[in-house]
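Let us walk through this model one piece at a time, beginning with a pair of packed helices, then turning to a chain contact and a sheet.

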Amino acid sequence: MIETVGLAKRFGTLEVLHGVDLRVDENEKVAVIGPSGSGKSTLLRCLNWLEVPDGGRVVIDGEEITPASDLARVRVKLGMVFQHFNLFPHLTALGNVIEAPIQVLRMPRREAEAWGRELLRQVGLADKADVHPGRLSGGQKQRVAIARALAMRPKALLLDEVTSALDPELVGEVLSVLRRLAREGMTMLIVTHEMGFAREVADRVVFMDEGRVVEVGRSEQIFTQPRSPRLQKFLRAVIERVVMDEALGDEGSPASREPGAPRTSPDHSKR
Amino acid sequence: MDVYRDLVLHYLPYILQGVTVTIRLTFFSLLLSIVLGLVGAIARTSRSRILRGLATAYVEIIRGTPALLQLFIIYFGLANYQVRLSGMTAAIIALGVLGGAYLSETFRAGIEAVDRGQVEAAKSLGMRGPVIMRRIVLPQAVLIILPPFGNFVIGLIKDTSLALTISVPELMYRSYDVSSQTFRSMEVFTIAGLIYLAICYPLSRGVKYLERFRPPQ
């Protein structure tokens, strides 16, 4: 479904991605973890060419993206949810959801509205259809953003640190929506700091550091038997943070609230 | 008070005819300003260096010279080259060119003030450039631009009084005319001032009112 080979990206003289190989199969959920600045978000943004890669290949649904590609058409296949929501402030929640179906898919307004209301119901916001984003909480905004992405019936979802800008008590409502989508078989590429969520939902986990993929493995293996010293160090630091939070009585750390119930998942090691 | 009563009785209709001229002048120079402002804003944000350079030169030349001088160049200056414009046409062109330079800056700032994430979200949903501009960027830019745009319109109404110098019979010209016939300068210009105020103040309140429709971010 999504594949990159030797993906490279520079910002000026700063090399953010040094030849990243990644593969996400249909119905698969892949989490990308790693320290800040390791290139996780840039990787995601290169997939739908919000950032134009400087090298390597991106193949979406069997089609390689080139400067000649019809980007708008390819992007429809990849729903994206952003850390800072990026909802359209001049439109209502429903307006946000139906704008692209109407403008891009040429869906009749009535049909789009019914579809939009159904999606809002699925994310638990049926009663907020006519509310502008400015009057929604962070968790509600992010759920509208998820409904907006789903409105285009994407083949995969790109989730870019979708809970990082949320107050801790609002993280759960967003994760539960994503958990349901995962169960329903949506293909997902999840950049996240929520280790518990990554462990629970992801079939495979990709650990990135300094613009490279350091380790890839099944979620269980990555969290219980990390091989590379850098991943071991990273996980220790995360655990320390969780323990510290708990010692301080902070319920905010989602990792502590999401005991990573391991999930049986198909074995992808045979590829 | 008799002075005012006599002035109002005898000269107000004449002065008020100037108001329609002032409004016509404002309307057409505003149209020209908006067109030139949009073209200028698009040129200034374009990828072409030549377009950017031309737009910048336009803005800087207009900003760096007095409006009255621009008016005289178009009315008296062009006449030397057999381009004889009516006072009204010359004033519309001069004020439109002047306004276009200011509005191009205002429009550019408004478009650039819309968060980049908005465009990214729209792109990620498969929208294309023109749709993104029309449905996502401009509706937000308009709200950002509204207060400076309102101030611009109010400034333009007052600037139309420059047309007095080339004998366009607008509000200021007629007031000057009446004052020189009656020698009641203070009274006549007070009346003219109240008329300008009566036009501009409601506009100013109107802009304030519209600002409330800005959606909370």
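The crossing of H7(B) and H8(B) is right-handed, a crossing being right-handed if the near helix is turned clockwise from the far one by less than a right angle, and left-handed if anticlockwise. Helices here are DSSP runs of H or I with at least four residues and strands are runs of E with at least two, numbered from the N terminus. This is a predicted model, in which local features need pLDDT of at least 70 and side-chain atom pairs count only at pLDDT 80 or more, while totals for chains, interfaces and linings use all residues. Residues are numbered from 1 along each chain as its sequence is written, and chains are lettered from A and ligands numbered from 1 in the order in which they are written.

Helix H7 of chain B spans residues 171–182 and helix H8 of chain B residues 185–211, and the two pack at an angle of about 160° with their axes 8 Å apart; the axes are lines fitted to C-alpha atoms, for helices over the stretch in contact, and angles run from 0 to 180 degrees between N-to-C directions. H7(B) is therefore roughly antiparallel to H8(B), a term for angles over 145 degrees, whereas those under 35 count as roughly parallel, 65 to 115 as roughly perpendicular and the rest as oblique. On H7(B), the residues making the contact include B:Leu171, B:Met172 and B:Val178, and H8(B) contributes, among others, B:Val188, B:Phe189 and B:Ile195. Residues are in contact if their C-beta atoms, placed from the backbone, lie within 7 Å.

Where the two chains meet, the contact takes 18 residues from chain B and 21 residues from chain A. On the side of chain B that touches chain A, helix H5 (116–124) and helix H6 (129–159) of chain B each supply at least two residues, and the largest share, 6 residues, comes from H5(B).

In chain A, 4 strands form an open antiparallel sheet in the order S2-S1-S4-S5, with two strands counted as paired if DSSP finds at least two bridges between them. Its edge strands, each pairing on one side only, are S2 (14–24) and S5 (63–64) of chain A. S4(A), residues 55–60, is joined to S5(A) by 2 bridges, and A:Ile60 stands opposite A:Glu63 in S5(A). Helix H1 of chain A, residues 40–47, lies across S1 (2–11), S2 and S4 of chain A, running at about 115° to S1(A).
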